[in-house]
Amino acid sequence: MTAANSLNKIIYADNAATTKIDDDALALMTDLQKNFFANPSATYRLSRPLKKILRESREKIAACINAEPKEIIFTSGGTESDNWAIKSAVLAHLNECPNIITSAIEHKAILNSCAAMENLGCSVTKLPVDKFGTVNPNDLQKKILLQTKIVSVMLANNEVGTIQPVKSLAEIAHASGKIFHTDAVQAVGHIPIDVKLLGVDMLSASAHKFNAPKGIGFLYVRDGLKISPYIDGGSQEFSRRAGTENVPAIAAMALALEKNCRDINQTAEKLSACAKILLECLQSNGVDFILNGGENRLPGHLSLSFKDCDGESLMHRLDLKNICVATGSACNSQQTKISHVLQALKVPQDYIRGTIRITFGKENSYDDAKTIGNHLVKIFPPCQNQQFLIR
Ligand code: PLP
């Protein structure tokens, strides 16, 4: 059986981990890889189309988030963008004992960048979240210090899907003259984003989360904000990020983002409907569970906690039925400790281990949602004191 054939039998519902590349983006990338292999920095005729593709891709991406093309810097993905944002804000000020403010539920790309800076003498303040995973802007107001150099709060959480009040948080940071960064890796291409409306200074994005290839992403840097280069070398990316540009991947990223943004409301409606079908299936069959992340979540994003069970074995049982979902209790598939996000949300102890994350993507159908729901119903017999909580 070919990989494509076996894929047809699988219901992939782990789109927060990564997405399937869009067919047009893949075709474009393959064509460029094969036929336009020149270095875009060269000046001969073979390079000229690549310079144009690079320029147009930057323009397309900028238009998708209401930025200027010169504000888009291509990176290798979300992790690099996050590292760059945090480190650029504090590395030049190490002698001032700089402070970084972030939230307790950030991705490891932010938390471990902060930890690395802590080792160099910075202090890190982690804002708490409520039971839905939302940061209270008043908490930020209280925590800003003279030494604070950057505030970084994610736009949407990767485990529970909670969307943060980034506009209010950025306003508070700016009122004290601080830089505001948001990790928008889970949000770009899935909910409408306008960097000017949000008022952020920097924003991280990763292509593989919006149906584009892996290993490529971008950092939005507001015009006028001075950040030091993170990778030194040649003069690519306005002398801010050195290295020969991966034009095929960049062009594919621009195309996929443009397509996702064009259909963003329609796709969101479909994904929310998939989530609703699954939740209704569980509810109507008396399954006892908690839906984490509150009402203001990414479309099609479900973090579900089941009582007295193990999310890891639940994930494997669904895998045996050709259904791919993520465990919600582990930091990642190699670690079995309870995730820092679920702990910060204070998910009840008898439910926290039994958490899985189901994230629908544009390839999923309503039938996929029904199938997953029906399998979960078979695993969980109806409960006498059923509870369905949105937390
Ligand atoms: N930030 C968030 C919120 C994420 O979900 C991820 C990936 O899961 C990253 C950062 C890292 O992105 P990348 O895989 O492109 O390095």
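Which of the 13 residues around the ligand come nearest? They are T79, D183, Q186, S206 and K209. Keep in mind as you look around that this is a predicted model.

**Around the ligand**

- Helix α4 (residues 78–90) gives the largest share of the shell around the ligand, with three residues.
- By residue class, the shell holds eight polar residues, three charged ones and two nonpolar ones.

- T79, one of the residues that come nearest, places a polar side-chain atom 2.5 Å from an oxygen atom of the ligand.
- G78 takes part through its backbone: a polar atom there is 2.8 Å from a ligand oxygen.
- Q186, also listed among those that come nearest, has an N or O atom of its side chain 2.8 Å from an oxygen atom of the ligand.
- On its own the ligand has 390 Å² of accessible area, and the protein covers 84% of that.

**The buried area**

- A handy reminder: the size of an interface is often expressed as the accessible area lost when the parts come together.
- Between them, domain 1 and domain 2 bury about 2,300 Å², with 54% of it on carbon and sulfur atoms.
- On the domain 1 side, I264, L298 and H340 are worth a look: they supply 29% of the area that domain 1 buries against domain 2, more than any other three residues.

Technical notes:
Residues numbered from 1 in each chain as written. Predicted model: local features only at pLDDT ≥ 70, side-chain atom pairs only at ≥ 80, totals over all residues. Heavy atoms only, no water. Near = heavy atom within 4 Å. Polar contact = N/O pair within 3.5 Å; in protein donor to acceptor, adjacent residues only side chain to side chain. Areas by Shrake-Rupley, 256 points an atom, 1.4 Å probe, with all protein chains shown as cover. Helix = DSSP H or I, 4+ residues; strand = E, 2+ residues; numbered from the N terminus. Nonpolar A, V, L, I, M, F, W, Y, C, P; charged D, E, K, R; others polar. Buried area = accessible area lost by both parts, 1.4 Å probe.
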